[in-house]
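Please open the model in your viewer and prepare to select residues by number.

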Amino acid sequence: MPCMLLNIPDGRQQVLPTPAAVASPASSKTPISSGNADAILSQITDQGNAVRNLKSQKANKDEIKAAVDKLLALKKQYKDLTGVDPPAGGKPAAKPTAPASGNADLLLEQITTQGNVVRNLKSQKADKDKIKAAVDELLALKTKYKDLTGVNPPPGGKPAAKPAPASTPAASGNADKILEQIAEQGNVVRTLKSEKAGKDKIKPAVDQLLALKKQYKDLTGTDPPPGGKPAAQSAAPPSAGAGPTNPDGDKILEQIHLQGNVVRQLKSDKAPKPEVDAAVQLLKKHKADYKALTGKDAPPGGKAPSSEPVKNMPDTSVTPQQLEAQIKEQGDKVRSAKGRGAQKDEIQGLVNALLKLKADYKTLTGNDPPGSAPQQSSKQKKKDKKAPAPKIEAGVTRLGIEAKKFEDLPNWYSQVITKSEMIEYYDVSGCYILRPWSFFIWEAIQKWFDDGIKLMGVTNCYFPMFVSNAALEKEKTHIADFAPEVAWVTKSGDSELAEPIAIRPTSETVMYPSYASWVQSHRDLPIKLNQWCNVVRWEFKHPQPFLRTREFLWQEGHTAYATKEEAHEEVYDILDLYHGVYKELLAIPTVKGRKTEKEKFAGGDFTTTVEGYVSATGRGIQGATSHHLGQNFSKMFNIQFEDPNSTTGDKLFAHQNSWGLSTRSIGVVVMVHGDDKV
């Protein structure tokens, strides 16, 4: 009978020594040779690229480990030869030679051009490989610039202004140029913050801005005005005890008005606190100058009051036609301020100016301005309020939509979902009956998404809706976010339960104790489960059908992986599926993104989301979320497995995700696609 020999691995890895790992004992004694060091640096660069390629291709762990060991051996060899660690990336540090201004400027232009290429590729959602190649080229250009000049390139690739010698007197032309650069750099900083760029990008931009401000102060002896805009020229500072030498109070009032606008703009842009404080201090200085000059506080908004002898009298040099034009222009300003959500003080100042113009018109002509509603007495207003609703004409039914979407969205929405027989109201507040039309939409969404996750290897299951108090207590950090919304069962018939039982607001605490008992080895992973169920979140005001209800239907997926890389990949794969539900099935454009730290799922590492846009409100609405939980929950519930690479039986915690899509999607369909047609 033939004999067969089988090789059964015991889980240990045998790593063969690489040639680079054996350093020559005589290498540390050889004199330092620049040529040898450069050659090793080149090898380090090549080997670093090899490691990155292997990782990006998700190569075998043994292959990656061997490549990393070779890289570490090369770095040790370089240090033994030179006495210092090799520079990052394996590239030799720039030699301290005087930088060539022409070459540096050329590199900055190339950085600007390449940055635009990267932004265009990202906006066009190009292939990841193309974007990565473009980013690598951009980083290489920035490294060349730093090697040449010894400093990081300025954000956007624009050269920073060269500082003038501190001993030279302030030149108005140079100061104005620096102010323009401060304004541009401030915009760069605000853009980076609004795009939620990384700290490593924001900090150099802020440092560049502070350097420009210091340069301005060294040149002029004063801090730059907020926003980098040149302040109005003022007279020389007064001597001690004397008032301002500028006798023109109206000019100071104009400065107060302009500076007030700067302060409001900085606050609305959420500018850094030091920048806002500096702007406020300058505003206070202008007000103090006005009071010292006139003996009175500056009027709100910084507008000059009418002179005492002709109090409340309009300017007789202005014609009624000119006043009409001014009223129209001021009305546009008021509407614009309200539309962009300006501060109340700014809106009130604009409204007061509009009312004054209207009063001037009436004083001058004896009539209300064209287009103004006639003033009503308080009695007339009360009478109008009590006026009965207009009667419905005979023969006219009320089966159609009576409200307009862009005029009265709440009433319109309520009429659409009830008159189309999608929703029936129920006698428990916040709970609704989904009639066949709306459930038909939900079934279409279910089928589309269910088919997608099954292709990813996810299977459906069902866990109970009740959660023990002990399970919730085990997960205090997470449940604190849901605590006010948890509904509790406290009685069985007339008897009080020994321990209250919660109705699930979400199922992490229900499912993960089972995961812990199922997972013993890395062979038990991954776990990919999804359930279609209902959840209850009780405590809130103003429920809205589909959008915000106390009980709703959804799917919730809960997965566990052996490695972080696998979990990360799934988070974004699920996000793409959610985007497909809205875009391909429901014909609703959405934006994929990442929640802030304050908005992320409680207890998770990060949360991704798809957000829709409701044009009738001008606001976004969350469509679905995909969360990376990291190892936070696996540590809470002890979901761990034996490390297959360990010879001592070490344990590792699983990496987990959760993701959900609810019947809110039906409400989004109504608000986006619904219209006023009956």
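A residue is called partly exposed when its relative accessible area falls between the buried limit, under 20%, and the exposed limit, over 50%. The model on display is predicted.

**First stop: helix α6.** Select Asp207 and Lys203, which both lie in helix α6 (residues 199–220). Four residues, about one turn of the helix, separate the two. Their side chains form a salt bridge, with the closest N and O atoms 3.1 Å apart.

**Second stop: helix α4.** Move to residues 128–149, which make up helix α4, and select Asp136 with Lys132. This pair also forms a salt bridge, with 3.2 Å between the closest N and O atoms. The two residues are about one helical turn apart because they stand four residues from each other in helix α4. Asp136 is partly exposed, at 38% relative accessible area.

Select Glu402 and Lys419, whose side chains meet in a salt bridge at 3.3 Å, N to O. Glu402 lies in the loop between α11 (378–385) and α12 (409–419), and Lys419 in helix α12, so the pair ties together parts 17 residues apart in sequence. Glu402 is partly exposed, with a relative accessible area of 45%. Lys419 likewise counts as partly exposed, at 31%.

Methods
Residues are numbered from 1 along each chain as its sequence is written. This is a predicted model: local features need pLDDT of at least 70, side-chain atom pairs count only at pLDDT 80 or more; totals for chains, interfaces and linings use all residues. Side-chain values use heavy atoms; hydrogens and water are left out. A salt bridge is a side-chain nitrogen of Lys or Arg within 4 Å of a carboxyl oxygen of Asp or Glu. Buried means under 20% relative accessible area, exposed over 50%, partly exposed in between (1.4 Å probe, protein chains only).
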